[in-house]
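Okay, thanks everyone for coming.

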Amino acid sequence: MPDIPAPAVGRRSLHRLTGIFIGLLALAACRTQAPLPLTPEEQGWIASNKGLLTVLLQDNRPPFTFRNEEKKVDGLFVDYLHDMEKHLGLKLPILSFDRWDKLLAHAEKNRHVIILTVSRTKSRSDSLLVTAPVVKVPYAVVTRKTSQATGIPEFAGKTLCTTEPLSLRTALDRFHPHVIPTGVETATRGLYAVSSGTCDAMVINSMEASYLIEDLGLTNLHIADRTRFLNRLALATSGDNPMLFGILEKAVDSISLRRHQELYRRWVSPGGAWLPDTLLISIEVIIGIVISVIFLLWAWTSSLRQQVGRQTKKLRDSRENLRITLDSMGDGVITADTTGVVTRLNPAAEALTGWPLSEAEGRTMAEVFPLRTIHTDRPQPLPDFTDPALRGHLNTTTEATLVSRNEAPCRICYNMAPIRDEKGHVTGAVIIFNDITDKSKAEEEVLRMKKLESLGILAGGIAHDFNNLLTGLYGNLSMAKMALPEDHEAFACLASAEESMEAAVALTGQFLTFAKHEAPVRKIIPVGKALADAATFATHGLNTRLETAIDEDLWPVAADKGQLNQIMSNLIINAHQAMATGGVITLTAKNAREPSGRFIRITVKDTGTGIPPEHLDKIFDPYFTTKTTGSGLGLATTHAIVTKHGGTIKVDSEQGVGTVFTVDFPAADALPAEPPEDRPKPRAAECAQGAHVLILDDQAVIRKILETILHKMGIVPTFTVEGEETVRTYRQRLEAGTPFDAVILDLTIPGGMGGREASEKILAMDPGARIIISSGYASDPIMSRYEEFGIKAIAVKPYRFSDFQEILLGVLQNGE
């Protein structure tokens, strides 16, 4: 999990340098690794379970774990594993996986597993026991050597690749919100993408980057910068196996600094050689002399510190300036003494906590500054700033929920640090915090939209395949009904099957509305009448009463009328299902002015059971439902439609009272156009007799249905399954002087040329070609603006026999 190391300055830098020198002196003594100090109980556990232990690793993460040219498992962590096997006197079997989710699925079913190369995250900590880090390395920015950019902020608006999990992406979003990372499947693919110019740069573990750049021979790449984010890799085992976890902890602690360096040289800097022992001893003596000099300098600085103390009185005069500064800060500031009693609040802290300074002084921090965890809503105590073991963790930024004096919760981000006197003694603590409620809501909405977008792509793919199947079912049902008299006993069964098909088509329609990425087909409409008609139709046959309060002077809106009807239908049905024994649904619509513009505010209110608070944040998620029936797409689809119209939707609910959905639609400036006169064009079936039609479709069942339909219409069909074949067939007939009378092209052909490209090539050779585009789903704008592309008509799958016949006859008769 990414971590941000805090920079060391001043005296802490000196202490850290001293620690490094002492560590180097100790390195000379760490020539061998001592056996693990196992207790008799641990030794007995190993003896009784050694046949059950299995090592799990991901075999595509060089240099940590991977398969070498001999197809054997190798890598940095495998060497650590061999060291652990020597200590334990075991030879552990290894089970490798190509994907991390498969590895975790196996670990959930087996207790006696040792997992290599684990990054600690909150979700993994719930099911796994993760040791202290074995390797801690910073993430690096890899670019081409010709690139002038180095740091992450310079890649705003560019392509920044990463394979790392959500934890790193969250850190990037937080500290570099203008840089949007792009996920790649593996580190190797990411580096090749940077090398070829597909990606501008890649954020990757620096150790992994060094190894792969050299191993892959990518000489045009280099590490441009090392970030402040750390990648910590450790060992782990099942969450219910504390005995094995304790053994792993001891194994990690037993790895010496010299052993770490040996393995680092082997896997990251191959070819290096260690210095002779005599030279090492000489270096250690020199280091000792340097440390002595440093301590002499430290003693000299101590005397200077005494002189500084005599200047303290002058510094006290600046306390008033400090008070003014604190009172002017927009962030809340609270100070407390070593017993946790509040000593000061600035005005911003008073506003957020609800406690004035006069009443807060002398009270405990827990009373004035009560915190609760964000996800569990449990009390979150502040860390003990007097504990020396926690001093390195007090400067980290933490998020929590602050419950003010009037019990109003707000999301805050706070940082806690100890206050020290001139001698370095802890005299209290200071907490700096600010309200991030609005920012958190915005981030949650962004995550929701990303989730909807990814699931929308999946839904669109499902709808495409499903509509192809429905087209085949519709066609076969129509053919079967045409072959039977209406009094036949099977005719009613086929009619019932068609009704079930209508329900399937409606569900697919919700998939499509949810999945489409293009803007809806909007027209200026009088929204009042459209809302009333849609609500009346939706409540027809229900045991609920509809009451409406729609203002007559509503501004017009630019909307897709069909999708507007779908919104009302979904909200009305949702309200009806919340009132099992009947009730009242109230629909209101009125004009509203906001700082952002003019809106039509629509509310749908019911008197049902209400929505539990824990479900309010999930009701717009796709496939979320608490009902035993239903797809869970209704409110998700409604949210998608409203968003694509530039509007907003929110919900307020109280259990036992009811629920109110509020939808804001942007108002339009223009008035609705007069509806055109309905002038149906007669279709003569005679024009189809002997016509030759070219059809592109990769589905055999659809080709069979179309063949039957066209033969019944007296049309001669020619079928192709790929775009190149279609273009070639059309060219041959055109050159022979007998062009096809019409062409039907499926828009989406997996793995080949689809209908759009084929139509462009056909129209290029024959501008008068009569082309019909057919598709079960596509986000291509050709489906909504087909005339702009020279297309005569579209046939949306699944189509009925009569609808398809009408479309084809219209094209054959009038060319439109």
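**Starting from Leu-76**

Let's begin at one side chain. Leaving aside residues up to four places away in sequence, Leu-76 touches Pro-63, Phe-64, Val-135, Met-207, Leu-263 and Trp-267. Keep in mind that this is a predicted model.

Okay, zooming out for a second. The protein chain has 25 helices and 30 strands. Of its 816 residues, 42% are buried. And if you take the contacts with a separation of 6 or more, 68% of them are between residues 24 or more positions apart.

Now back to α3, and a helix it packs on. α3 and helix α10, residues 257-267, pack at an angle of about 140°, and their axes are 10 Å apart. That crossing is right-handed. On the α3 side you've got Leu-76, Asp-79, Tyr-80 and Asp-83, and on the α10 side Arg-259, His-260, Leu-263, Arg-266 and Trp-267. What classes of residue does the contact of α3 with α10 have? Four are nonpolar, one is polar and four are charged.

Helix α20, residues 561-577, packs with helix α21, residues 634-644, at an angle of about 145°, with the axes 9 Å apart. α20 passes α21 in a left-handed crossing. From α20, the residues are Gln-563, Gln-566, Ile-567, Asn-570, Leu-571 and Asn-574, and they meet Gly-634, Leu-635, Thr-637, Thr-638, Ile-641 and Val-642 of α21. This contact divides into five nonpolar and seven polar residues, with no charged ones.

Last stop is helix α24, residues 755-765. Which residues of α24 are buried? They are Gly-755, Ala-758, Ser-759, Ile-762 and Leu-763. These residues lie on the same side of α24, because they cover an arc of only 130° around the axis. The general point is that an α-helix has 3.6 residues a turn, so residues three or four places apart point the same way. As for what covers the buried residues of α24, that includes the strands β26 (692-696), β28 (742-746) and β29 (771-775), plus helix α23 (723-735).

That's my tour, so over to you for questions.

Methods. Residues are numbered from 1 along each chain as its sequence is written. This is a predicted model: local features need pLDDT of at least 70, side-chain atom pairs count only at pLDDT 80 or more; totals for chains, interfaces and linings use all residues. Side-chain values use heavy atoms; hydrogens and water are left out. Buried means under 20% relative accessible area, exposed over 50%, partly exposed in between (1.4 Å probe, protein chains only). Helices (H or I, at least four residues) and strands (E, at least two) are DSSP runs, numbered from the N terminus. The arc is that of the directions from the helix axis to the C-beta atoms. Contact means heavy atoms within 4.5 Å. Axes are lines fitted to C-alpha atoms, for helices over the stretch in contact, and angles run from 0 to 180 degrees between N-to-C directions. A crossing is left-handed if the near helix is turned anticlockwise from the far one by less than a right angle, and right-handed if clockwise. Ala, Val, Leu, Ile, Met, Phe, Trp, Tyr, Cys and Pro count as nonpolar, Asp, Glu, Lys and Arg as charged, and the others, Gly among them, as polar.
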